Structure formats: structure tokens, C-alpha cells
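Dear colleague,

I am passing on the structure that we spoke about, and my notes on it follow directly below. Please read them alongside the coordinates.

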Amino acid sequence: MSLPPALSREDARAVYDAFGAQQDGQGWYEDAAFDVILRHGGFEQARSVVEVGCGTGKLAARLLGEVLPADARYLGLDISRTMVELSRERLRPWAERAEVRQTDG
């Protein structure tokens, strides 16, 4: 049995640009994983966080709103323009300490 070929950066970008906001509908499996990450990640002492593949910013909003110290900074990176725009919008309340950038992967 052979594995399918890996997606190119361009293919991955196209998938996530098309998928966009539907990503947040995956809470039935993401939310439990986010709970574990937040509970055991040691973020209470963090001064900065970098998230590669930040998606819609759902985890970042929880970090900034629930766990990170008030002076901690966040940088989210994603290959998808759609995900970057969604994340920036979601993180607007923390704009002074949260930044989201599109990368080429």
C-alpha cells in the first residue's frame, strides 16, 4: 500500500483558503485538544508565543483571553490568506499585543 503524495505549499494554501471559516466547525475534536494544551502548556508564565499554522485564531483567542499574562505577546503564522484574515479579525481585541502574518510555508 502506498501513501498519497504530499500536498505542495500551493495546494495546502488553496485547501485552507477554500476551507476558511468552516475550520471553526471542527470544535467537536479541536476543543478537547485545545483544553489539554491550555491546561498543560505552561502558558501562564509565557512572555511570548509563536503559533505556526494559526488557522482562524481560535486557540490564540483562548490563550490571550484566558491564560497568557497581560503583557505576553503572540505571533501567529499561516500559509493561507483566508486564515490570516480570519485570525486577525478574531484577535482584534488584542491587537496591541497580537500579530498575524502570512508566510510562504
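**Glu-51 and its surroundings**

Leaving aside neighbours within four places in sequence, Glu-51 is in contact (heavy atoms within 4.5 Å) with Leu-59, Ala-60, Tyr-74, Leu-75, Gly-76 and Leu-77. Please keep in mind that this is a predicted model, in which local features need pLDDT of at least 70 and side-chain atom pairs count only at pLDDT 80 or more, while totals for chains, interfaces and linings use all residues. Residues are numbered from 1 along each chain as its sequence is written, and side-chain values use heavy atoms, with hydrogens and water left out.

Glu-51 lies in strand E1, residues 48-52, where strands (E, at least two residues) and helices (H or I, at least four) are DSSP runs numbered from the N terminus. Glu-51 is buried yet has no salt bridge, and the nearest side chain of opposite charge, that of Arg-90, is 9.7 Å away. Here buried means under 20% relative accessible area, exposed over 50%, and partly exposed in between, with a 1.4 Å probe and protein chains only; Lys and Arg count as positive and Asp and Glu as negative, whereas His and the chain ends are not counted. A salt bridge requires a side-chain nitrogen of Lys or Arg within 4 Å of a carboxyl oxygen of Asp or Glu.

**Strands and overall layout**

The covered face of E1 carries Val-49 and Glu-51, and its uncovered face carries Ser-48, Val-50 and Val-52. The protein has four helices and three strands, which follow the pattern α-α-β-α-β-α-β along the sequence. Of its 105 residues, 38% are buried, and the C-alpha trace spans about 45 × 30 × 20 Å along its principal axes.

**The nonpolar core**

A nonpolar core is taken as a set of buried Ala, Val, Leu, Ile, Met, Phe, Trp, Tyr and Cys residues joined through side-chain atoms within 4.5 Å. The largest one has 20 residues, of which Val-49, Leu-63, Leu-64, Leu-68, Tyr-74 and Leu-91 touch the most other members. Two or more residues come from each of helix H2 (27-40), helix H3 (58-67) and strand E3 (98-102), and H3 provides the largest share, six residues. Not counting residues up to four places away in sequence, Leu-63 touches Leu-38, Phe-43, Val-49 and Leu-68.

**Salt bridges**

A search of the whole structure finds six salt bridges. In one of them Lys-58 is joined to Asp-31, with the closest N and O atoms 3.0 Å apart, and this pair links distant parts of the chain, since Lys-58 is in H3 and Asp-31 in H2, 27 residues apart. Lys-58 counts as buried because its relative accessibility is 18%, whereas Asp-31, at 30%, counts as partly exposed. Arg-62 forms a salt bridge with Asp-35, the closest N and O atoms being 2.8 Å apart, and a network of salt bridges links Asp-35, Arg-62 and Glu-66. Glu-89 and Arg-92 also meet in a salt bridge, at 2.4 Å from N to O; Glu-89 is partly exposed at a relative accessible area of 45%, and Arg-92 is exposed at 54%.

With best regards
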